[in-house]
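Where do charged side chains pair up, and which parts of the chain do the pairs join? The text below takes up that topic.

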Amino acid sequence: MRSDLFLFFGILIFIFVVWVATGGPSRPISFSGPFITPLTSVGGTATSSTGYRISNGGGARSGARGGSTANAQQSLSYAQENVVDLQKSLADAAHFGTASTLKGLVTFSHDVSPLRATDAKNEYLTITVSTRATTGISISGWHIYSERINHALRIPEGVNLPHSAEVNQTAPIVLAPGQSAIISVGTSPVGMSFRQNMCTGYFDQFQNFTPYIPHVCPLPSSDFARFYLGNTHSYDVCKAFIQKVPQCTVPLDVPNNIGTDCWTLINNDFNYNGCVTTHLGDQGFFGNTWRVYLGEQDAFFTQDHDTIKLLDTAGHTVDAFSY
């Protein structure tokens with residue numbers, strides 16, 4: 001029904017453009033009145049000077065007529081281009097479908113290369129909430145829809161503050177203005193969808209993420225200076241070892257001579273859960289990106305061309321793009 005309405009208005013616009021291109025309101029017949037020769041009173045005589053006449057004489061008139069023809073042809077060419085643009089707009093509208101009230105506030109990334117991966121774990125796209133949004137937007141229960149295969153995948157709930165090796169309670173994923181979600185087709189390397197934070201860089205020591213998870217955590221040397229409470233005898237030995245520990249890394253080869261206090265610091269701080277406990281209250285602990293997993297084993301997106309839509313819980317289109 002919506003497409004028929006667009007087509008109807010498109011035809012009206014086409015007729016109007018062609019009318020303007022062929023002379024439109026500038027043609028004498030447009031303002032000459034309903035009669036070629038004006039009506040006269042009873043007994044009166046209409047003169048040729050007051051009637052509507054089409055003259056073929058005179059070089060000047062012929063030149064003007066030639067110029068008008070060229071202008072009309074140019075205008076008709078413009079009109080045809082406008083019609084083509086209109087047809088494209090109508091086709092785009094038909095593909096887009098019924099627009100969501102959130103259209104323009106939540107958008108897709110248009111990077112096609114991850115969609116052409118042959119493995120579900122490498123397929124992903126990113127959606128972002130505009131900074132113009134006035135509140136957070138829940139995306140759980142929305143769908144990623146492929147027009148080519150006529151199939152959709154549901155966006156699940158996630159964990160705002162994950163804990164490793166624990167059962168985590170999920171909740172709707174709410175993106176605040178300016179925040180993003182990387183939607184991966186495959187399964188989560190850590191068994192859940194989660195929000196990135198200051199410590200999630202520890203996840204990639206033993207798991208692989210696509211795209212890579214930011215390898216940014218509190219520096220071990222900073223944690224040593226902030227939290228080490230050991231005696232002076234083991235201070236230098238502990239400091240020397242911790243300065244060699246890479247960022248976001250659980251130390252695996254810890255020497256025996258570092259002292260009990262140094263062991264305690266390493267066990268308590270230099271792992272994901274310990275990092276969360278230590279730094280949860282730090283400014284900027286929570287990140288602005290979610291990692292969301294749709295849990296598919298097989299690749300979803302087509303290799304050649306498709307139209308991908310982001311559908312809200314009512315099935316209305318939030319955003320769409322074709323490749």
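What follows goes through the salt bridges one by one. The model is a predicted one, and a search of the whole structure gives 3 salt bridges.

Begin with Glu-147 and Lys-309, whose side chains form a salt bridge with an N to O distance of 3.9 Å. Glu-147 sits in the loop between strand E4 (143-146) and strand E5 (151-154), and Lys-309 belongs to strand E10 (residues 307-311), so this pair ties together parts 162 residues apart in sequence. Lys-309 is buried, because its relative accessibility of 9% is under the 20% limit. Glu-147 is partly exposed at a relative accessible area of 28%.

The next salt bridge joins Arg-148 and Asp-304, with 2.8 Å between the closest N and O atoms. Arg-148 is in the loop between E4 and E5, while Asp-304 is in the loop between strand E9 (286-293) and E10; the pair therefore links parts that are 156 residues apart in sequence. Asp-304 has a relative accessible area of 39% and is partly exposed. Arg-148 is likewise partly exposed, at 44% relative accessibility.

The remaining pair to describe is Arg-226 with Asp-282, a salt bridge of 3.3 Å from N to O. Here a helix is involved: Arg-226 lies in helix H3 (residues 220-227), and Asp-282 lies in the loop between helix H6 (272-279) and E9, so parts 56 residues apart in sequence are tied together. Arg-226 has a relative accessible area of 47%, which makes this residue partly exposed.

Key: Residues numbered from 1 in each chain as written. Predicted model: local features only at pLDDT ≥ 70, side-chain atom pairs only at ≥ 80, totals over all residues. Heavy atoms only, no water. Salt bridge = Lys/Arg side-chain N within 4 Å of Asp/Glu carboxyl O. Helix = DSSP H or I, 4+ residues; strand = E, 2+ residues; numbered from the N terminus. Buried < 20%, exposed > 50% of the residue type's maximum accessible area, 1.4 Å probe, protein only.
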